[in-house]
Amino acid sequence: MSYKAVTIKAGKGGFGGPLTLVPTDTRNKVVSVTGGGIHPIAAKIAEMTGCPAVDGFSTGVPDNEILVAVVDCGGTARCGVYPKKRIFTVNVLPVGQTGPLARFITEDIYVSAVDASCISLADESAISKAGTPTNPTSAPKTKDQAKAEIAKMNEGKPKNLATRIGIAIGGVVNKFYAAGRETIDITIKTILPFMAFVSMILGIISASGLGDVIANTISPIASTLPGMLIVSFICAIPFISPVLGPGAVIAQVVGTLLGVQIGLGNIPPQYALPALFAIDAQVGCDFIPVGMSLGEAEPETIELGVPAILYSRVITGPIAVLVAYVFSIGLYS
Amino acid sequence: MEAIAAVANGFMDLFRAGSETFVSWVTGIIPLVVIMMTAVNSLIKLIGEDRVNGVAEFATKYTITRYTILPVISVIFLCNPMAYTFGRFVEEKHKAAFYDAAVSFVHPVTGLFPHANGGELFVYMGIAAGITQLGLPLGDLAVRYFIVGVIVILIRGIVTDRIYAHMSGKK
């Protein structure tokens, strides 16, 4: 075939790689999952390999045909979903091992902060070493098989009570410990960085006098029902909602800004509830194709599902604000 | 010399306000969230995914439960983003609507169950911080956010379902 293999290394501040992509007759689609359209990096990879580039946002592609997924994920979901499926992932943003799926983001499957200069044609030695990514679960599985064999051997022998209690307690304690570790992981990798970045922005806003501007412009909008309906409608406009979505960063920053205004008394507290829905009409709109493929939807279903959800939000975004407004009656009064 | 010092002080002040906010969040929000998340994560591990799967299979049968119970338990037990894998229990024609319902619940859930979406806590917590500053209790807001969330995902599921059916009929 006329396909060419390429090597992609991490850009400045990036993580992972270098990845060597070797297209085959089946695995040859460069999927761009970047909120609609083909990202220039996806186009460049497609051009160099001779593979077709596909807009993953409007076209569903079966997992086994994806050569590489190009994402622009800020660190919550997309950057982890494809590595979890063991699909080569190129993130154009400088994001390392982070998010709830951080443990799947490894150097052999993921590379970030990629720009055009990071992509080069692969040399022979790299191609021979590469190949399609192998599923690492095969190794742990054999471990499980070994465990199962041991369990089988022990089956005949009745365990004494003390042993059984000991094993049960050990199992429970281990679960608690794992839960604690997961919690601390997410605190360090996502909650604390977010706090650092938002408190920096808030500090600058309040110290520089920008806070007064916000108080005079946003607060009047967010303390009336029509104002919030308009906000939710804007957030839900089909070509805006996928752009506002990633990582809910915008909703979180706006939420924090509104919180400050509520704290200052510029917005009545009962408006907190409708405001929560007004600023979130776009939730998950950036993630529709990936989320649906996690639910094992067929590519055709995803193709129809994306516009169906985007149009639905135009209706349900303002409805959500209305419902929340009704439920906010009697709150903090 | 004094002018330079004044500029330097002004520059530092720009960040001092931010550092105060940061400390108040780290001491005020993180300890409670960490303990809550650990507790709920442990509970989920003890209950196990298998038992939840049984409930999920049952909940897909009826429209009302498909867009209320199913997304709620998937988000609480599997968290964002793995919650969407529960779409596998749903018929193909309802998958778009189920995703819409599930993803719309990942923020309303955080008031009561912050573990379910630890990476995006500040949609709720940002606004809640203002309520706390006024000296008002958060429980009422968190419960109402959860309830309205369930109503909204039901509406969203049904509306998206209709739109999807209409579009696939046209095709």
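Start in chain B by selecting helix 5, whose buried residues pack against helix 2 (30-47), helix 3 (49-59), helix 4 (63-66), helix 6 and helix 8 of that chain; helices (H or I, at least four residues) and strands (E, at least two) are DSSP runs numbered from the N terminus. The model is a predicted one, in which local features need pLDDT of at least 70 and side-chain atom pairs count only at pLDDT 80 or more, while totals for chains, interfaces and linings use all residues. Residues are numbered from 1 along each chain as its sequence is written, and chains are lettered from A and ligands numbered from 1 in the order in which they are written.

Helix 5 of chain B covers residues 69-78, and because 7 of these 10 residues are buried, the helix is largely enclosed by the rest of the structure. A residue is buried if 20 or more other C-beta atoms lie within 10 Å of its own, exposed if 12 or fewer, and partly exposed in between, with C-beta atoms placed from the backbone. Colour B:Leu70, B:Pro71, B:Val72, B:Ser74, B:Val75, B:Phe77 and B:Leu78 to see the buried set, then step to B:Cys79, just after the helix, which takes a positive phi of about 65°.

Next, select helix 6 (residues 95-103) and helix 8 (residues 139-170) of chain B, which pack at an angle of about 155° with their axes 8 Å apart. Axes are lines fitted to C-alpha atoms, for helices over the stretch in contact, and angles run from 0 to 180 degrees between N-to-C directions. Helix 6 and helix 8 of chain B are therefore roughly antiparallel, angles over 145 degrees being given that name, those under 35 roughly parallel, those from 65 to 115 roughly perpendicular and the rest oblique. On the helix 6 side of chain B, display B:Ala96, B:Ala97, B:Phe98, B:Asp100 and B:Ala101, and on the helix 8 side B:Ile153, B:Arg156, B:Gly157, B:Thr160, B:Asp161 and B:Tyr164, which together make the contact; two residues are in contact if their C-beta atoms, placed from the backbone, lie within 7 Å.

Now bring both chains into view. Their contact takes 75 residues from chain A and 69 residues from chain B. On the chain A side, helix 5 (161-208), helix 9 (249-264), helix 10 (272-278), helix 11 (288-294) and helix 12 (299-327) each supply at least two residues, and helix 5 of chain A gives the most, with 24 residues.

Within helix 11 of chain A, select A:Ile288, which is buried, with 26 other C-beta atoms within 10 Å. Leaving aside residues up to four places away in sequence, A:Ile288 touches A:Gly305, A:Val306, A:Ile309 and B:Tyr99.

Strand 3 (residues 29-33) and strand 4 of chain A run parallel and are joined by 3 bridges; in strand 4, A:Asp55 is the bridge partner of A:Ser32.

How values were computed: Pairing = 2+ DSSP bridges.
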